[in-house]
Amino acid sequence: MNKNTEKAIKKRLCSGETRFYIGKYYYEANVNGMIRRREQKPGYLPLSAWEVVCQWDSVNRVII
């Protein structure tokens, strides 16, 4: 993950968002701090093709 994407994720998490789009990916953060994404393509189901990209810890840092 590049630094610009990491900054964008941090900004959205700090503002309280848990589901958001960045570029062609849809990101989702859960209560355990896991951040995952999937590419936006026609026909993808909400549970298909997810990839874990990083963890969000309690002191608001993204751990890759």
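**The nonpolar core**

The largest nonpolar core has twelve residues: Ala8, Ile9, Leu13, Phe20, Ile22, Tyr25, Tyr27, Ala29, Ile35, Val53, Cys54 and Trp56. A nonpolar core here is a set of buried Ala, Val, Leu, Ile, Met, Phe, Trp, Tyr and Cys residues joined through side-chain atoms within 4.5 Å. At least two residues of this core come from each of helix 1 (3-14), strand 1 (19-22), strand 2 (25-29) and strand 4 (51-56). Helices (H or I, at least four residues) and strands (E, at least two) are DSSP runs, numbered from the N terminus.

This is a predicted model, where local features need pLDDT of at least 70 and side-chain atom pairs count only at pLDDT 80 or more, while totals for chains, interfaces and linings use all residues. Residues are numbered from 1 along each chain as its sequence is written, and side-chain values use heavy atoms, with hydrogens and water left out.

Now the overall layout. The protein has one helix and five strands, in the order α-β-β-β-β-β along the sequence. It has 64 residues, and 34% of them count as buried, meaning under 20% relative accessible area, with exposed over 50% and partly exposed in between (1.4 Å probe, protein chains only). Of the contacts (heavy atoms within 4.5 Å) between residues at least 6 apart in sequence, 15% join residues at least 24 apart.

Arg38 sits in strand 3 (residues 34-39). Why does Arg38 count as buried? Because its relative accessibility is 12%. The C-alpha atoms of Arg38 and Tyr21 are 9.8 Å apart, with the two residues separated by 17 residues along the chain.
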